[in-house]
Structure formats: C-alpha cells, structure tokens
Amino acid sequence: MPPRSRRPDPSAPMTMKELKDTLWKAADKLRGSMDASQYKDVILGLVFLKYVSDAFDERREQIRTDLAAEGFREDQIESLLDDVDEYTGHGVFWVPATARWGYLAEHAKGIAASAGQPFQPIGELIDGAMSHVMGANPSLAGTLPRIFNRDSVDQRRLGELVDLFNDTRFRGNGATRARDLLGEVYEYFLGKFAAAEGKRGGEFYTPPGVVRVLVEVLEPYAGRVYDPCCGSGGMFVQTEKFLERHDADTQAIAVYGQEANERTWRMAKMNLAVHGLNANLASRWGDTFARDQHPDVRMDYVLANPPFNIKDWARNEDDPRWVYGVPPAGNANYAWIQHILSKLAPGGSAGVVMANGSMSTTSGGEGEIRARLVEADLVTCMVALPTQLFRSTGIPVCLWFFATDKSAGPRGATDRRGEVLFIDARELGHMVDRAERALSDEDIARIADTFHAWRGTPSAQAADLTYDDVPGFCRSAPVSEIKEAGYALTPGRYVGAAAADEDAEPLEAKIDRLRTELLAAFDESARLEQVVREQVERVHA
C-alpha cells in the first residue's frame, strides 16, 4: 500500500512545493540499478501518461455535459463518448481504455494470474499503455518510452509511484489547472535531472532564467518561432508562458524545432504535449548541419542555446548557409550563428546563447566572420551574463541578439542602424546554492527594459521607458567604434566602469583616519605575535 499521508489535511490541494518535493522523493526511490537516462525516461514518461489521461478525462466530461445540455439520452451519450474525432479535433490525444490512468491506478500492483494468463506486473501494463497511446495517435509514433517492465525497474516502487500520482491533488483547481501543474512538475523534473547529470544535463536543459531573457527581449507575440537545437523544448515553453503573462493569444505562434539526440527529441515531444503546445519537431531527430528538417520555412523568431564549441560537426565548405565565411572545422559556434541567420524571415530577429569566447575569438577565420556580421548590421545587442548560471558548465556565457532590420518600424520606433547595444549583466543574479546562480524577475526585466527602451519598442512606449547609457552597465556603440576595437563584441570593453559613489570625506581626513587604522592594526598584530610566542614557550617548558 502507498504510505499514509502525513499532511494535516490530506484532502486539501497540495502547494506546488509540496507537490514537487513529494513526487521527486518518491521518484528518486526508483533509481536502483537504472542509469540516469533510463530513470529520467521512466519518470517523465509517467508524467506524460498522467497528462494525456487527465486531458482525455476532462474532454470526456465536457462532451457528456454538452450532450446532456442538448437533451441527449444517457444511452445516446454513451455511444457518442467514444467518437475519436470529438477528442482529436479539440487537440486532445485519444487514450484507449487500458491506457487511461484510472485503469493503471486500479492495477498498480499488477493483474493476478488467472484462466491460464500469467501475472502482469504494472510495468507491463504501462508499456502496453504507451504502445496503445502511440498506436491511437500517429503524431506520437515512436515517441514514448517502453522501458517500464525491465529487470532494472523495481515494480513495487513503480506501483507506489502510480498510486502517488493518482492520489496527488492535481485536480485541486480543475482539470485544466491540473495539467498546468503537471507541466510545472515536468519542468521541475527536467531541472533536477539536468543537475544530477551535470555536464550531460546541459544537452537538454537551459536554465529558465536565461531562456526568459531571450524571450523577454525578443517578445515573440505572433509568427513562427524556431529552435535549431531544441533540447527538451524549454524555449517554446517559456514563449508560451510569455504570451500567457501578457494575456496574448498562445495560438498566434507556430513552433518549429529540431534536435539531434533521439532521447532528447522524444523528451521534447512529451514536454510540449504536456504544455499543450502543438510543435513541429519534424518526423524524427536529426543533425541540423547535416540536414535541415525545415528547409523551406523562414522564421520570425529564433531562440537557441547551441552546444558550445563543438569540434566534431558535419561541416561542408560549400554549404550555402556560410554567407559570412566558412566556419572552422574545430568549432561550430559560427556555424550555428550563420544557420540561424539563414532561417530568419525579413524583419525576423534571434537570440542565441554562446560561450564568451565567441565575442572576441580570431581563430580559424572567426574574427573575419564576426566582422562581416557587424558590417552587415545584423547584430543588435550583446549581453554578458554572470557566471554559474549553468550547472552543466563553468564556461561564462553571453547572449547574441540579431535582427534583419534595425530601422524605425513596427519592431522599434528608434532607428538603430549602425549601432549595437552592449549590456554588461555580470553583476546581476543571486546564488541559490553554492553551485548555481539564478536571475531574478527584476534582473530579467532590467535587461529586457534596457533593450526595449533603446529600440523604442511598443512595450517601451507603453511603459514610457527612455534609454540612456549607464556607465558599467549599458552603452550604445557605433559600428565605427567596434571596428576600431577589432570587431570585439565584449560588453565590458564598451560600457566602461560604473560611476563611483561620491565620497564626502575630505582627502586629508581620510589619510589621517587610514593611517590611524593601519598603525592600530600593526599594534594588534604585534600583541598577538607576543601571545603566540608565550604559548609556544610554555608548551616546550
């Protein structure tokens, strides 16, 4: 049996913290002999299955309510409840009876052997549920994990976890809110897995604070949004959240992505489904450099956190994407940048996470490529971020922002052709523990507001924001000055030092005070030295 709840009122909805902590502790018991990647697939697969079942049940009840209101008899309602189109036509996956969470929860300990049928453990039932859901929904074909009945999965604890998911108060505020909670739990688990896997975790997870800076600067209200190395889909989830925060239409965007790692591609498809996002991640995973899965689509917005400094990549010197120069074989950073620029539609913009070295490197012709990008007036803004934002790497990172049109227009009332905004945000953020720093809402807003004020965007005009250079933090520099600096794009080179606080203490008084303090320190040092000598002599006496 599942453990008895120790909460004061088990019937009350759980707080988000309670929900996350409870599920993580229970899920963590499953690890056993599983490797991290299999463990991750088991847990996230369960969250996904719970989501599709909840969404299905919600739609089923809505159909029942609507038909009853129209005067249908109960027997008529029952016959219409299984019309697949009534679900798929409303963006809900069809879930066969033996794949529904209620069925799995009822058999969390497995199905006993009977009438010549062997015992079926819960893992076998979940594997079957995954197959049934994929079979009923072609868009999920080949996506869901079928690893629950392996010897490495503790069936008793798996059953307890099913019980816990069933009993957890996801439905405290209605089924739609329940799915929002499941989405948050999925994201929470992604973050925990990324932290547990260290550097490898960075392959599929970008800290939400970093993604939010990209989204808040770009403001993707409508159009095609693309990520060429989408990991678990965090860029798209944060885009949806941005639209929700601004009461904008989440259906006004079309999401396109590509991911080279099979497991991560599956994870992304589940993550986006949990968040109700209908994304085109292509029919399978694939290397963006070897084969662009969306070759004929131009994007209004690109958000990306490409893997840093890749040395082994599918390089073709004749690739038409290398408009500004052929990237070196030993580093794909400028290949990513040029691929992203090749995808932008007229008026499009992009935000990209890069290693700091990309801002000033001259290796393998990268300096020449960067010079051409600046001279083509594609770079709008460079942001230096604080250290320790990524658990997966100690490499300092920066943000590059691009735009195909910097003139005055719908994207900004201020003509910024021939200028680049530099923001040095290295002093922002706070430590959440000894290993990781996070950006606060205020930090993110400061960076985004600075950009919008500089560009004169509609949001800046609505908030009456005006731009001024701030020594030590931001400065708008002309391309001519950047050229004189050898086309280096490091913000610290341009923003200068922060203005020193005014010191009201007269110079002579300060010198006298400091001399007195220094002499007092010398005296105290001599006194302590004498005490130590006396103690040492006493020990040897």
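Residues are numbered from 1 along each chain as its sequence is written, and side-chain values use heavy atoms, with hydrogens and water left out. Because the model is predicted, local features need pLDDT of at least 70 and side-chain atom pairs count only at pLDDT 80 or more, whereas totals for chains, interfaces and linings use all residues. Helices (H or I, at least four residues) and strands (E, at least two) are DSSP runs, numbered from the N terminus.

Helix H1 comprises 13 residues, 16-28, and at 1.5 Å a residue it should span 18 Å, which agrees with the 18 Å between its end C-alpha atoms; the expected span is 1.5 Å times one less than the number of residues. Within H1, Met16, Leu19, Lys20, Leu23, Trp24 and Ala27 are buried, where buried means under 20% relative accessible area, exposed over 50%, and partly exposed in between (1.4 Å probe, protein chains only). These residues cover an arc of only 115° around the axis, which puts them on the same side of H1, the arc being that of the directions from the helix axis to the C-beta atoms. An α-helix has 3.6 residues a turn, so residues three or four places apart point the same way. The face of H1 turned away from the buried side carries the exposed Lys17 and Lys25.

Strand S5 (residues 344-355) has 10 of its 12 residues buried, so it is largely enclosed by the rest of the structure. Five bridges pair S5 with strand S4 (residues 299-304) in the parallel sense; two strands pair if DSSP finds at least two bridges between them. Among these bridges, methionine 299 has leucine 344 of S5 as its partner. S5 also runs antiparallel to strand S7 (residues 397-403), to which seven bridges join it, and here alanine 350 stands opposite phenylalanine 402.

Strand S8 (residues 419-424) is likewise largely enclosed by the rest of the structure, since five of its six residues are buried. Strand S6 (residues 379-384) pairs with S8 in the parallel sense over four bridges, methionine 382 being the bridge partner of phenylalanine 422.

Threonine 361 lies in the loop between S5 and helix H13 (366-375) and is buried, with a relative accessible area of 16%. Threonine 361 touches Tyr334, Glu366, Gly367 and Arg370, not counting residues up to four places away in sequence, contact meaning heavy atoms within 4.5 Å.
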